[in-house]
Amino acid sequence: MENNFLSLIKTRRSVRAYKSDPVPSVALDAVLEAGTYAPTGGGRQSPTIIAITDPKYRQEIAKLNAEVMGSNADPYYGAPVVILVLADGFASTFVEDGSCVLENMMLAAHALGLGTVWVHRERGIFDCEKGKALLREWKLPETLRGVGAIALGYPAQEAGQPAARKQNYIVRI
């Protein structure tokens with residue numbers, strides 16, 4: 001493996017404060033494309049990636065996520081882009097498939113100088129009626145289940161240092 005790739009993995013950090021600057025289309029396209037190359041069970045490509053840049057939907061999805069967590073705070077930390085990853089709920093590997101998509105996009109974003117943080121609760125959003133209504137509005141199948149999302153944008157502050165890796169993280173047998 002190239003040192004650059006290992007360095008990318010080791011230096012990616014969750015970003016919880018974003019500038020309001022828009023993400024250039026070419027960068028967003030690259031991040032989204034990286035997600036489409038994630039491995040999926042049986043090569044079925046069960047995930048659907050939804051990039052939200054429209055302020056109306058950005059606000060709506062943030063409100064729904066905040067409701068699930070019982071808060072009024074912006075769960076996407078002011079990021080100008082929210083990328084939802086949903087997947088076909090009938091696929092036995094939908095969670096694993098969507099998780100790989102999210103990780104690919106987070107690494108691609110980091111390589112482009114963008115920040116991300118994995119945000120959860122999308123399953124709660126899209127398993128409820130308000131989420132199903134959004135799926136209908138977006139002309140997407142109601143069988144999609146939420147896996148997760150990433151907030152995407154330019155970091156407003158420096159990332160912290162990584163936590164020390166735990167002892168016995170790796171066991172060789």
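In the predicted model, the residues lining the second largest pocket comprise five nonpolar, six polar and three charged ones. This pocket holds about 190 Å³ of space. Its lining consists of 14 residues, and those nearest the centre of the pocket are V15, H110, L114, P155 and A159. Two elements, α4 and β3, each give two or more residues to the lining of the second largest pocket.

I9, K10, R12, R13, S14, R16, E103, L107, P162, A163 and R165 form its lining. Helices α1 (3–11) and α4 (94–111) are the elements that supply two or more residues to the lining of the largest pocket. By residue class, this lining divides into six charged, four nonpolar and one polar.

Strand β3 spans residues 115–119 and includes T116. The relative accessibility of T116 is 2%, and T116 therefore counts as buried, the cut-off for this class being under 20%. Leaving aside residues up to four places away in sequence, T116 is in contact with R12, R13, S14, V15, Y18, M106, A109, I150, A151 and L152.

Note on methods
Residues numbered from 1 in each chain as written. Predicted model: local features only at pLDDT ≥ 70, side-chain atom pairs only at ≥ 80, totals over all residues. Heavy atoms only, no water. Helix = DSSP H or I, 4+ residues; strand = E, 2+ residues; numbered from the N terminus. Buried < 20%, exposed > 50% of the residue type's maximum accessible area, 1.4 Å probe, protein only. Contact = heavy atoms within 4.5 Å. 1 Å grid on protein atoms, 1.4 Å probe; cavity = no way out; pocket = protein on both sides within 12 Å on 5 of 7 lines; lining within 4 Å. Nonpolar A, V, L, I, M, F, W, Y, C, P; charged D, E, K, R; others polar. Points joined across faces, edges and corners; volume = space filled by probe spheres on them.
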